[in-house]
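Subject: Model handover

Hi,

Here is the model we talked about. Please look through it before reading my notes below.

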Amino acid sequence: MTLLAGHCYQQGVPQQMRSIGMLRIEVSIFSGRPDPSWIITDGSTVRNLLSDVADAAEEVVGIPGAGYDGLGYREVVVSAVSDDEPWPESVPRSFALGTLGARNPGRSAELARRVVEGMTRHADTRLAEHEQTPLGDELRELLLGEMDAFAAEPPTWTRSPELPAHPLRTTAQEIAPSATCYIEFGAFNPGFWNTPAVQPNNNCYNYARNIRTDTFAQPGRAHGAQTGTMACPNVTQAALADGFVRRFQCLPDSEKPRWLTALVIWPGQDYHWYRFHSGNFWGHKPGRTQARDYDNSGNRITNPETCNRGGYRDFCGYFYAGRSVTIR
Amino acid sequence: MLVEVDLFSGRPNPRWRLDPRAAEEFRTLTAGLPPAGPVARPPSPGLGYRGFTVTDADRVIHIFAGRVTEGATSRTDPDRSLEHWLLTRLPSSLRHLHSVVAEAIEDGREG
C-alpha cells in the first residue's frame, strides 16, 4: 500500500510507477464530506482510458466545474498527476466526464461510468480523503446509481456549456489533384506555450509538431540526422528523419492528430516552422518568444508563403506531422 | 556577464561571455543612459533580430530598438549605441553574424 496525503501524493511513489503515467479521479457529488477520489496507477488502464477519451474528445470532454453545479452528482474529474507524462494532445490535462458541459452528455456519461466501475480496484493508493470517504463497494454502488439517475433525467441547467478550448480539433480534407488526405485542424492555444516554464525552452519546431519537449528541439536530432546547413533540402531531410512527411503523402487515422506545417529558411542562418489552425490561419513560435498568429507586419498569417517573414525568405514547402513524429 | 543575441527561431541563439573589463565598460555605458521611466518594451518583431539580452549575476537587461530595460525600469538609447557596442564584442566565431545584425539595427529592419 502506498500512503499518500493531500497534494503531496507523488511522494513515496516508486519512480517506475510514475513513469507509466497515473490519473487522479474525483467524483464531484458531495457537499460536506470529501468527494470520492482515487489514483489510477495501472498503466494499461490509464492508456486505454486516455485513448478512448482522445478519440472522442470533442464530444465527451468538458471543463471541470463548468457543467451542472447544484447539489448531488455533478461530474467526474480526471486529471494528470504530473506534467511530464505522455498525454494525448487533444485532451486537457484536467477534464470532466459525465458532465452536462460536454457536447454529447450521453457519451460522456458512458465513459464516466466506466471510470467509476473500476473505482475499488484502485483503493490501494491511500489519499487523505479516504479517511472520511473510504472507497468500497457500497460507495461505488451509490455513485453508479446517482450517475445513472443523472444521465436518465438530467437536472435543469440553464447555463450555456463552457467547452474546453484546447481539445477542440476537427478533421478536414486536403485535396490535391492526385490525392485527398485527411488532417486535423487544431485550436490556436498560445496560452499553453506562453508560460515561463514552457516559452524559453521550446521553439518553432516544438510548436509545429505540437509537443513540448523543453529541449529546444532540432530537426533530425532525435534520429542522428541533424544538419548544420541552413538550406531547404538539408532541414527538410532532417525533419523527414523525425517522421514528417511531405504534403499529400496521406497519413492514416492511426497518425491522428495529423498537423499541417510549413518550413521556411533564412539562408545560411536558421529555419522556421508554422502550423495550421482551425479558423484557417497559421500559428508559430519564433525561438524563445511567444507563440503567436501574426507575422512581422503584425498581420494574422493566412498564407505562410506570402506573409512577412523577415529574412526567412526561402519557402521549402508544406509537411504533415502525425502522432508518430518524434522530436528532441 | 553573458550576452545573448535574440536572433534565431529554430536554432539556439548565439551566446558569449564578456571579459571582466568589457563587462565593467557595459555597466558604465548602461548607467550613463538617461532613464525613460516605466515604459513598455518595444514589440518583438517575431522573426529575425530581436535585440540583446545581457545577464549580469541576477540582473537581466534587454536591449532593443533604442530601449534598455531591466525589470520595470527603462533607459533610452536613441542612437542604439549599446547595441552597436555589443555587436563589436561578437567573438570571432560569430563574426559572420555581424553584418546581419548591423543591418537590422541600422535599418530598423527585422533580421
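A salt bridge here means a side-chain nitrogen of Lys or Arg within 4 Å of a carboxyl oxygen of Asp or Glu. Chains B and A share one salt bridge. It joins the side chains of A:Arg288 and B:Glu4, with N to O at 2.7 Å.

Ground rules. This is a predicted model, in which local features need pLDDT of at least 70 and side-chain atom pairs count only at pLDDT 80 or more, while totals for chains, interfaces and linings use all residues. Residues are numbered from 1 along each chain as its sequence is written, chains are lettered from A and ligands numbered from 1 in the order in which they are written, and side-chain values use heavy atoms, with hydrogens and water left out.

**The interface**

Chain B and chain A bury about 1,700 Å² between them, 50% of it on carbon and sulfur atoms. (Buried area is the accessible area, 1.4 Å probe, that two parts lose on being put together, summed over both.) On the chain B side, B:Ser9, B:Arg11 and B:Leu47 lose the most area to chain A, together 38% of what that side buries. The contact (heavy atoms within 4.5 Å) takes 26 residues from chain A and 20 residues from chain B.

**The sheet in chain B**

Six strands make an open, antiparallel sheet, in the order 2-1-3-4-5-6. Strands are DSSP runs (E, at least two residues) and helices likewise (H or I, at least four), numbered from the N terminus. Two strands pair if DSSP finds at least two bridges between them. The edges are strand 2 (15–17) and strand 6 (73–76) of chain B, each pairing on one side only. Strand 1 (residues 2–5) of chain B is joined to strand 2 of chain B by three bridges, running antiparallel. B:Val3 stands opposite B:Trp16 there.

**The sheet in chain A**

This one is also open and antiparallel, with four strands in the order 3-2-4-5. Strand 3 (37–40) and strand 5 (94–97) of chain A each have a single partner strand, so one side of each is left without a neighbour in the sheet. The twist averages 25° from one strand to the next. (Axes are lines fitted to C-alpha atoms, for helices over the stretch in contact; angles run from 0 to 180 degrees between N-to-C directions.) Four bridges join strand 2 (residues 23–28) of chain A to strand 3 of chain A. A:Leu23 has A:Ile40 as its bridge partner in strand 3 of chain A.

Best wishes
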